[in-house]
Amino acid sequence: MYCTRATVTELRHEKKKGKLLLISPFPNNQGMYPHLRDVIDELSEHYTIDYFYKYERGLSLEDKFSFLKEDFYKLLYHLAKDIFGLLRRRVFEQYDTIIAIDNLPYVVTALIFQRTVVLWSHDFVSHDQPKSATLIYKLIAKLTKQRLVRDGKIIIQDKERLHAFLKSIECDEVDVEAFYLPVSLLPIKNSEDSRHNINSDKPVLMQIGGINAGGSRSDQLIKYYQNYTNKFSLFFHGFVTDEIYELIFNLENIPLISSCSVRPAQLSQIVRFCDIGFISYAGGDINSYYLSTASGQLAGFLKCGKPIIAIGETDLHGYLERNKIGISIKSFDDLVSAIQIVQQSYSYYSENCAKMFDDVYNLRNYTRRLLTYLK
């Protein structure tokens with residue numbers, strides 16, 4: 001048996017790769033967040049990645065801790081299964097780097113491996129949420145603080161979210177080595193695909209992500225659309241709830257809906273069909289307020305050069321106007337006028353969106369420094 005020169009080169013290249021364990025509360029499938037998938041794709045050029053799916057994220061535990069509920073026993077089963085899987089990796093595998101997404105996976109992983117684990121914070125239970133005062137969340141916060149004080153390594157979106165995060169675990173004074181990584185995406189291969197003009201007097205408004213009657217306000221958007229079908233077209237893509245389908249069934253003017261599951265890299269092909277992106281977040285707590293660098297929807301629209309209209313009490317209110325990438329509205333009464341403003345200066349807004357993506361939300365801006373940080 002012999003190796004060709006190309007095979008030897010490949011083997012040498014493989015030897016240079018480190019081995020990374022990524023503990024994630026998101027299944028490794030087509031429904032994965034595009035930001036997470038793109039980061040994995042970037043890191044896989046330099047690491048052999050062992051992706052470990054941890055069932056419980058730790059953001060909605062308060063309703064599961066009851067001996068009378070089936071969810072409690074399901075939680076115990078998956079927790080035991082996760083612990084066994086991580087113990088097995090500790091015994092049989094050697095990793096150069098370990099990353100865990102969010103507090104509960106981070107705590108469990110750090111306790112099992114007893115070595116430096118990088119916390120990658122996506123979301124957290126902020127101190128202004130009532131459930132943060134319950135015993136289970138206090139325990140998770142305490143253990144997170146202990147490990148972070150010792151290891152001091154965290155990846156988070158920006159300084160505001162870091163400050164809010166540290167306050168949530170009562171850890172204001174800790175000196176952490178933070179790497180600021182906004183929710184970022186890989187650019188479209190052909191940057192010219194991001195068009196900067198609008199082709200119709202009746203623009204297409206698109207909402208992506210969770211299409212529901214909660215924080216997304218999709219039900220209100222659909223009802224509003226009934227009186228303005230001559231002003232804009234409405235397009236939804238994402239996870240549509242039964243409640244929304246039932247609402248649409250009884251209406252005369254229905255929006256276009258795409259609920260098919262696509263690979264994260266394909267999402268931009270769907271976003272290209274719209275002219276303006278619509279973003280709605282419920283807000284209500286600090287974790288849900290600081291979203292300017294933590295919104296996958298925002299990054300997705302900017303990647304395709306699509307101006308944005310946003311509603312909700314978040315820091316997007318004002319952020320869009322300051323950067324000339326869209327308009328914030330306080331109520332649906334202002335939606336049509338906002339659409340018309342964007343229409344009138346569409347090329348200007350669209351070009352700003354493309355530039356904003358390149359400056360802030362292009363993952364390639366962070367890859368080299370992130371690799372250095374992880375080493």
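Predicted model: local features only at pLDDT ≥ 70, side-chain atom pairs only at ≥ 80, totals over all residues.
**View 1. Lys19 and Glu93 form a salt bridge.** The N to O distance between the two side chains is 2.5 Å. Lys19 sits in strand E1, which covers residues 18-24. Glu93 sits in the loop between helix H3 (70-92) and strand E3 (97-101). The pair therefore ties together parts that are 74 residues apart in sequence. Lys19 has a relative accessibility of 25%, so this residue counts as partly exposed. Glu93 is partly exposed too, at 27%.

**View 2. Asp50 pairs with Arg89 in a salt bridge.** Here the N to O distance is 3.0 Å. Asp50 belongs to strand E2 (residues 47-53), and Arg89 belongs to helix H3, so the bridge ties a strand to a helix. These parts are 39 residues apart in sequence. Both Asp50 and Arg89 are buried.

**View 3. A salt bridge joins Lys153 and Glu177.** Their closest N and O atoms are 3.4 Å apart. Lys153 lies in strand E5 (residues 153-156). Glu177 lies in strand E6 (residues 177-180). The pair thus ties together parts that are 24 residues apart in sequence. Lys153 is buried, with a relative accessibility of 12%. Glu177 is partly exposed, with a relative accessible area of 44%.

**View 4. Arg57, Asp102, Asp123 and Arg161 belong to one network.** Salt bridges that share partners link these residues. For the model, the count comes to 10 salt bridges.

Definitions and conventions
Residues numbered from 1 in each chain as written. Heavy atoms only, no water. Salt bridge = Lys/Arg side-chain N within 4 Å of Asp/Glu carboxyl O. Helix = DSSP H or I, 4+ residues; strand = E, 2+ residues; numbered from the N terminus. Buried < 20%, exposed > 50% of the residue type's maximum accessible area, 1.4 Å probe, protein only.
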